[in-house]
Amino acid sequence: QVQLVEAGGGFVQPGGSLRLSCTASGRTFNTYPMAWFRQAPGKEREFVASIRWGGGTTFYADSVKGRFTISRDNARNTVYLQMNSLKPEDTAVYYCAAGRAFSSAYSTESNFGSWGQGTQVTVSS
């Protein structure tokens with residue numbers, strides 16, 4: 001179990017940018033694959049992006065590919081989601097999640113056992 005806290009959500013106009021951050025407690029952050037999911041009202045939670053434990057390989061949902069970038073700073077126990085060219089369809093509560101240590105968790109929600117409280121992102125004119 002790892003405790004995660006998201007930050008950086010807010011209001012932005014279409015075409016704008018936001019950077020979300022998720023900070024974890026503990027000493028083992030580097031061992032967890034990390035991901036971002038989002039959930040809009042009336043919709044299921046969906047995968048957004050993930051990064052393997054330690055860093056390197058990343059995965060993105062088709063809907064955000066080319067616009068969003070996930071990264072991590074293990075020294076700061078933080079994972080980021082840089083969101084550019086935001087669209088109204090990106091409006092949702094964004095959650096960061098951690099998978100089991102050293103696991104190959106990519107986009108399957110059930111592979112991530114620790115979740116933050118979420119941060120609201122609203123894209124509207």
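# Chat notes: loops, strands and salt bridges

Me: Where is T31 found?

Reply: T31 sits in the loop between strand 3 (18–24) and strand 4. Strands here are DSSP runs of E, at least two residues, and helices are runs of H or I, at least four residues, numbered from the N terminus.

Me: Before going on, what sort of model and numbering?

Reply: This is a predicted model, where local features need pLDDT of at least 70 and side-chain atom pairs count only at pLDDT 80 or more, while totals for chains, interfaces and linings use all residues. Residues are numbered from 1 along each chain as its sequence is written, and side-chain values use heavy atoms, with hydrogens and water left out.

Me: Back to T31. Buried or exposed?

Reply: T31 counts as buried, at 13% relative accessibility. The cut-offs: buried is under 20% relative accessible area, exposed is over 50%, and partly exposed is in between (1.4 Å probe, protein chains only).

Me: Which residues does T31 touch?

Reply: W53, R100, A101 and F102, leaving out residues up to four places away in sequence. A contact means heavy atoms within 4.5 Å.

Me: F102 is on that list. Where does F102 sit?

Reply: In the loop between strand 9 and strand 10. F102 is exposed, with a relative accessible area of 52%. Its phi is near 65°, a positive value in a residue other than glycine.

Me: What about phi of S85?

Reply: Phi of S85 is near 50°, again positive in a residue other than glycine. S85 lies in the loop between strand 8 and strand 9. S85 is partly exposed, at 42% relative accessible area.

Me: Zoom out. How many helices and strands does the chain have?

Reply: Zero helices and 11 strands. From the N terminus on, the order is β-β-β-β-β-β-β-β-β-β-β.

Me: Why call the chain as compact as a globular protein of that length?

Reply: Its radius of gyration is 13 Å, close to the 14 Å that the globule rule gives for 125 residues, so the chain is as compact as a globular protein of that length. The radius is taken over C-alpha atoms, and the rule is 2.2 Å times the number of residues to the power 0.38.

Me: What box do the C-alpha atoms fill?

Reply: Roughly 40 × 25 × 25 Å, along the principal axes.

Me: How much of the chain is buried?

Reply: Of the 125 residues, 46% count as buried. The accessible surface comes to about 6,500 Å², and 45% of that belongs to carbon and sulfur atoms. Areas come from the Shrake-Rupley method with a 1.4 Å probe; for residues, only the protein chains shown count as cover.

Me: What does I51 touch?

Reply: Not counting residues up to four places away, the contacts of I51 include P33, M34, I70 and V79. I51 and F68 are 17 residues apart in sequence and 12 Å apart C-alpha to C-alpha.

Me: Charges next. How many positive and negative side chains?

Reply: 12 positive and 8 negative, with the centres of the two sets 8 Å apart. Lys and Arg count as positive, Asp and Glu as negative; His and the chain ends are not counted. Each charge is placed at NZ of Lys, CZ of Arg, CG of Asp or CD of Glu.

Me: How many salt bridges?

Reply: Six. Here a salt bridge is a side-chain nitrogen of Lys or Arg within 4 Å of a carboxyl oxygen of Asp or Glu.

Me: What is the N to O distance for R38 and D90?

Reply: 2.9 Å, in a salt bridge. The pair links distant parts of the chain, with R38 in strand 4 (residues 34–39) and D90 in the loop between strand 8 (78–83) and strand 9 (92–99), 52 residues apart. Both R38 and D90 are buried.

Me: Which residues are linked with R38 in a network?

Reply: E46, R67 and D90, through salt bridges.

Me: And R45 with E109, what distance?

Reply: 3.3 Å, N to O, also a salt bridge. R45 lies in the loop between strand 4 and strand 5 (46–51), E109 in the loop between strand 9 and strand 10 (112–115), 64 residues apart. R45 is partly exposed at 26%, and E109 is partly exposed at 31%.

Me: Last one. What is the salt-bridge partner of R76?

Reply: D73, the closest N and O atoms being 2.7 Å apart. R76 counts as exposed, at 57% relative accessibility.
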